[in-house]
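Please read them beside the structure.

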Amino acid sequence: MKLIFVIWPLLASLLFNANNVKSHGIAGNRYFPPTISVEDPFAAYEVHSGVGRVPMVGSNNSTSSHLVIGVGIEPIDGFGIAIDGVYRNPNANLNPEGNGFDNLYYAVKKELTINDQHEFAITLGVNGQVGRTGASGANHSTTYTPTIFYAKGFGDLPNSMSLLKPMAITGVLGYQMSTDQSQPIALNWGFTLQYSFLYLNKYVQTTGWGEPWNSLVAVVEFPMQTCMSGMCDGQVTGSVNPGLVWIGPHFNLSAEAVFPISHQSRHGVGVLFQMNKFFGK
């Protein structure tokens, strides 16, 4: 019920303004698709949903299924607000552990610059979780993470390096704090490596492959976190997530595998799927 009351006003705003919004994730000829785990730097009118099954933290054998539903709006050009709800079965974030929603995730972004000539973007924002918005047993504290988001395409490379022009990177760097002073401070950092066959075919050389291959972006995500205080000080957790994004008309489909980097990050292999539906030109 908490999730419905928060997301419904955002959905109403999205639908009301759907005919007046701009394209998402564009810098020059480059389209940066949103990825599943590492937040992109662009504000957008969109809805997205995803499912996955990943190993649980500190467990050798247990896995957790989850369902994600989220919405983003851009009430002012270049300024975005997004809310995500995540249901886990079982949910190790609850005390005691059980099935249920995490606290609501939020992201507020302000695009600082989008450079078309050199295909880069820089954004400042704050993201985190809102306390007391999850299932019974969810943490009562709120987290807030001032964050820098960035993206860079390599279409400005010389023609002698033409096969590298479809490459791009995106990334985040954030300082996570909590209203509960007993919670550790953390550095949230991550990046993606992308190779766009869409860009290759349209702006570098004709591949002759046809669809759906010319609409694919190969992606490897590296979502990471470094604990900076408390008993976990210095511990790095995260995963390496290779996958593909298919670029469709006004929507994307993404699929990734999840390979944790350490036992503290989780143990085993997972899989993630996501769909993003955009409302814009």
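1. In which sense do S7 and S8 pair, and over how many bridges? The two strands are antiparallel, with 11 bridges between them. Strands here are DSSP runs (E, at least two residues), numbered from the N terminus. Two strands count as paired if DSSP finds at least two bridges between them. Within this pair, Tyr 105 has Gln 129 of S8 as its bridge partner.

2. A word on basis. This is a predicted model, where local features need pLDDT of at least 70, side-chain atom pairs count only at pLDDT 80 or more, and totals for chains, interfaces and linings use all residues. Residues are numbered from 1 along each chain as its sequence is written, and side-chain values use heavy atoms, with hydrogens and water left out.

3. The S7-S8 hairpin has 4 residues between its strands. Glu 119 takes a positive phi there, near 55°. Glu 119 also forms a salt bridge with Arg 30, with 3.1 Å between the closest N and O atoms. The pair links distant parts of the chain: Arg 30 sits in strand S2 (residues 30-31), Glu 119 in the loop between S7 (104-115) and S8 (120-130), 89 residues apart. Both Arg 30 and Glu 119 are buried. Buried means under 20% relative accessible area, exposed over 50%, and partly exposed in between (1.4 Å probe, protein chains only).

4. The salt-bridge count is 4. The rule asks for a side-chain nitrogen of Lys or Arg within 4 Å of a carboxyl oxygen of Asp or Glu. One of these pairs is Lys 109 with Glu 39, at 2.8 Å from N to O. Lys 109 lies in S7 and Glu 39 in the loop between S2 and S3 (46-55), so this bridge ties together parts 70 residues apart in sequence. Lys 109 is buried at 5% relative accessibility, whereas Glu 39 is partly exposed at 33%. Lys 152 and Asp 156 form another salt bridge, at 3.3 Å from N to O. Asp 156 is partly exposed, at 35%.

5. S8 has a further antiparallel partner, S9 (residues 143-153), over 8 bridges. Ala 121 stands opposite Ala 151 of S9.

6. Now S15 (residues 270-278). S3 pairs with S15 in the antiparallel sense over 8 bridges, and Ser 49 stands opposite Met 275. S14 (residues 251-260) also runs antiparallel to S15, joined by 8 bridges. Here Asn 252 stands opposite Asn 276.

7. Which face of S15 is buried? Gly 270, Leu 272, Gln 274, Asn 276 and Phe 278 point to the buried face.

8. Val 271 is partly exposed, at 33%.

9. There is 1 disulfide (cysteine sulfur atoms within 2.5 Å) by the rule used. Cys 227 and Cys 232 form it, with their sulfur atoms 1.9 Å apart. The S-S torsion is about 60°, so the disulfide is right-handed. Cys 227 is buried at 7%; Cys 232 is partly exposed at 23%.
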